[in-house]
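Please look over the fold below. The report that follows takes up loops, strands and helices in turn.

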Amino acid sequence: MKVFLAILYAAIVVLLGAATIVGEYSGTDYAREECYGAAWMIILWLFLALMGLLQVVRSRVRRLSFYLLHASFVVILLGAFLTHIFGVQGSIHLRKGSFACRFTPSVASAKGMPQSLPFAVRLDDFSVELYPENGYVADYRSSITIADISSHDVILKAEVSMNKIVVCRNWRFYQWSYDDDGMGATLIVNHDPWGITVTYIGYFLLFLTISWEAFRGCRHIVRHKRKEDRFTRFERTTLTTAISLSTLIILFGVWFFITQMTETNPWIADMQPILNSPFLSLHVAIVSVAYLLLLLAFIVSIPGIITGRYHLLSRLMLYPAVACLAIGIFVGAIWANLSWGEYWSWDPKESWALVSMMVYAVALHDRSIPWLRSARHYHLFIALSFLVLLMTCFGVNMLLSGLHSYA
């Protein structure tokens, strides 16, 4: 069963990467329907979840956090499935002063036929906010009224902007575009009554358990090194570099977050509206720490392949790296949900970040993969995995286009 599970896991990783290429040439909507959301892909994820849980039970590990960690991925997959089944997304075009109650779905299966909202939406005002320093666009704002369809009794008055969605009865609206005359705007409509909640539960569970497992793994290695022998100069230098740079990145991210929350950020003037969110700093900082640690793990793998040493040193960086990558994806999902009402869009950058996490997570399963117990084999795997990370960091930006292509 282990062999079949490994083949299935590898197949999904490859298919996720391939789907980003399909989306580049055939469109994101096509990739969503024919790849990410296709019945055969859902079946593959289902088999992977069931077989993975069976393998976890058979491992006989006596740690609650271990079981909760793997259960969190199942909860996340369940949330994604509920979003796929019950979620609806589309767009609604509004003209100032007029009510509209029908929107155009974006999914191919709906064939573009307009669907009805349970209420009516009116655009009261639209404005473009500019930075006073240079006149660049800072934000787009739509003031809307949501009312009962028949009586037009007001249900909600609110403002939609690039990083401020409006939620009414589980329907989410976010700013997308506007008419050239400034008298109209197009809002994205998203309705996901179950998937977001379930997925958030999974993310929160993942955040807690993967942080604990990473701490536990690093503590075990440090204790082992202290008992067996002392850290070499190379190991101390590498660890000092990792800790120092990671701390600086996190501190800068926290500072950036605080200044954006208080609107005193001196770097914000040239920032595109969609990026003007305090979650940007946390997301980028946490993911940057993951990339830094994985870069150092790659550097360590070069002498490791030759000498067969530094296995534990590499794992000291791998545990927090995978944890930070998972948490960074989690924070990015929160940012996306708060900005445009959709926590996952299968953007190429998102997909390859997920691929990177899945690939590097394999190296943490040496108990079930005997081949990785050899230091040289482990370092070889880390070195090859770095190619996936390069694709995530640079290849996506150069070869593919998506929501993360801001330049």
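Where is the place of Tyr-310? Tyr-310 is in the loop between helix H7 (278-307) and H8. The model is a predicted one.

## Two residues with positive phi

Most residues other than glycine have a negative phi. Tyr-310 has a positive one, near 65 degrees, and is not a glycine. Is Tyr-310 buried or exposed? Tyr-310 is buried, because its relative accessible area is 14% and the cut-off for buried is under 20%.

Arg-169 is also a residue other than glycine with a positive phi, of about 55 degrees. Arg-169 sits in the loop between S6 and strand S7 (171-178). Its relative accessible area is 53%, so Arg-169 counts as exposed; the cut-off for exposed is over 50%.

## The sheet

Strands of a sheet pair through backbone hydrogen bonds, either parallel or antiparallel. Which sense does the pairing take in the open sheet of eight strands? The pairing is antiparallel, and the strand order is S5-S4-S3-S2-S1-S8-S7-S6. Strand S5 (154-161) and strand S6 (166-168) stand at the edges. Each has a single partner strand, so one side of S5 and one side of S6 have no neighbour in the sheet. From one strand to the next, the twist averages 35 degrees.

Strand S3 (residues 115-130) and strand S4 (residues 137-147) run antiparallel and are joined by 10 bridges.

## Two hairpins

Start with S6 and S7. These strands pair in the antiparallel sense over three bridges. Val-166 has Phe-173 in S7 as its bridge partner. How many residues lie between S6 and S7 in their hairpin? There are two residues between the strands, and Arg-169 is in the turn with its positive phi of about 55 degrees.

Now take S7 and S8. Seven bridges join these antiparallel strands. Tyr-178 is bridged to Ala-185 in S8. This hairpin has five residues between its strands. Gly-182 in this hairpin takes a positive phi near 75 degrees.

## Gly-184 in strand S8

Gly-184 lies in strand S8 (residues 184-191). Gly-184 has 0% relative accessibility, so it counts as buried. Which residues does Gly-184 contact, leaving aside neighbours within four places in sequence? Its contacts are Leu-94, Arg-95, Leu-123, Tyr-178 and Asp-179.

Ser-98 is 86 residues from Gly-184 in sequence. In space, the two C-alpha atoms are 9.8 Å apart.

## Helix H1 against helix H9

Two packed helices are described by the angle between their axes and the distance between the axes. Helix H1 (residues 2-26) packs with helix H9 (residues 348-362) at an angle of about 160 degrees, and the axes are 9 Å apart. That angle makes H1 roughly antiparallel to H9, because angles over 145 degrees count as roughly antiparallel. The crossing of H1 and H9 is left-handed.

Which residues of H1 meet H9? On the H1 side they are Tyr-9, Ile-12, Val-13, Leu-16, Gly-17 and Thr-20. Their counterparts in H9 include Trp-352, Val-355, Met-358 and Val-359. The residues of the contact of H1 with H9 divide into 12 nonpolar, three polar and no charged.

## Helix H8 against helix H10

Helix H8 (residues 311-340) and H10 have axes that come within 10 Å and cross at roughly 40 degrees. The angle makes H8 oblique to H10. H8 passes H10 in a left-handed crossing. H8 supplies His-311, Ser-314, Arg-315 and Leu-318 to the contact, and H10 supplies Ala-375, Tyr-378, His-379 and Ile-382. The residues of the contact of H8 with H10 divide into four nonpolar, three polar and one charged.

## Ser-385 in helix H10

Ser-385 also belongs to helix H10 (residues 375-399). Why does Ser-385 count as buried? Ser-385 is buried because its relative accessible area is 3%, with the cut-off at under 20%. Leaving aside neighbours within four places in sequence, Ser-385 is in contact with Val-359 and Tyr-360. Val-359 is also one of the H9 residues that meet H1.

Terms used:
Residues numbered from 1 in each chain as written. Predicted model: local features only at pLDDT ≥ 70, side-chain atom pairs only at ≥ 80, totals over all residues. Heavy atoms only, no water. Helix = DSSP H or I, 4+ residues; strand = E, 2+ residues; numbered from the N terminus. Buried < 20%, exposed > 50% of the residue type's maximum accessible area, 1.4 Å probe, protein only. Contact = heavy atoms within 4.5 Å. Axes fitted to C-alpha atoms, helices over the stretch in contact; angles between N-to-C directions. Parallel < 35°, antiparallel > 145°, perpendicular 65-115°, else oblique. Left-handed = near helix turned anticlockwise from the far one by under 90°. Nonpolar A, V, L, I, M, F, W, Y, C, P; charged D, E, K, R; others polar. Pairing = 2+ DSSP bridges.
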